[in-house]
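Here is a friendly walk through one model, with the cut-offs spelled out as we go. Please have your viewer ready.

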Amino acid sequence: MRKKVLLTTIPVENIALTARVERRGVPLGTPAECFAAANNIEYINGFTLPNYATRFLQANLPSIDVLEYPTWDEYRAALANGYDVVGISFWTYTAREAAAMAEMARQAG
């Protein structure tokens, strides 16, 4: 039996949003902007790069959906699609949010 899988990151609202220099906000409107911010030394280490491992899996296993930098509402909406497995990528400082996401996935079935 083929499992329906969702791989996701912590919602964008929980990624650190201040820059080291000049305390500027970080552009996070698209995965490309997140990638650029993550590769810019000015920004703090709270960013995750777009996950190339999940992109490889998605390219080779079409039953896997990848949700990068969702909002909480986008994550909730995705869970309504009835996934069998949800994988959450997170940093240690966002473990609380990852646990909340896991609980939401359990409640969604």
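The report below covers the model's basis, a helix, the nonpolar core and the salt bridges.

## Basis of the model

This is a predicted model, in which local features need pLDDT of at least 70 and side-chain atom pairs count only at pLDDT 80 or more, while totals for chains, interfaces and linings use all residues. Residues are numbered from 1 along each chain as its sequence is written, and side-chain values use heavy atoms, with hydrogens and water left out.

## Helix H4

Let's start with helix H4 (95-107); helices here are DSSP runs of H or I with at least four residues, strands are E runs of at least two, and both are numbered from the N terminus. The 13 residues of H4 should span 18 Å at 1.5 Å a residue, and the end C-alpha atoms are 18 Å apart, which agrees. That expected span is 1.5 Å times one less than the number of residues.

Glu-97, Ala-98, Met-101, Met-104 and Ala-105 are the buried residues of H4 (buried is under 20% relative accessible area, exposed over 50%, partly exposed in between, with a 1.4 Å probe and protein chains only). They sit on the same side of H4, because their arc around the axis is only 115°, taken from the directions from the helix axis to the C-beta atoms. The face turned away from that buried side carries the exposed residues Arg-96, Arg-106 and Gln-107. Strand S1 (5-9), H3 and strand S3 (85-89) are included in what covers the buried residues. Just after H4, Gly-109 has a positive phi of about 95°.

## The nonpolar core

The largest nonpolar core has 11 residues, among them Leu-6, Ile-10, Trp-72, Tyr-83 and Met-101. Such a core is a set of buried Ala, Val, Leu, Ile, Met, Phe, Trp, Tyr and Cys residues joined through side-chain atoms within 4.5 Å.

Ala-105 also belongs to this core. Beyond its neighbours within four places in sequence, Ala-105 is in contact (heavy atoms within 4.5 Å) with Tyr-75, Leu-79 and Val-86.

## Two salt bridges

How many salt bridges does the structure hold? There are two, each defined by a side-chain nitrogen of Lys or Arg within 4 Å of a carboxyl oxygen of Asp or Glu.

Arg-76 pairs with Asp-73, with the closest N and O atoms 3.0 Å apart. These two are three residues apart in helix H3, so about one helical turn separates them. Arg-76 is partly exposed at 45%, whereas Asp-73 is exposed at 57%.

Glu-103 and Arg-106 form a salt bridge at 3.4 Å, N to O. Glu-103 is partly exposed at 37%, and Arg-106 is exposed at 58%.
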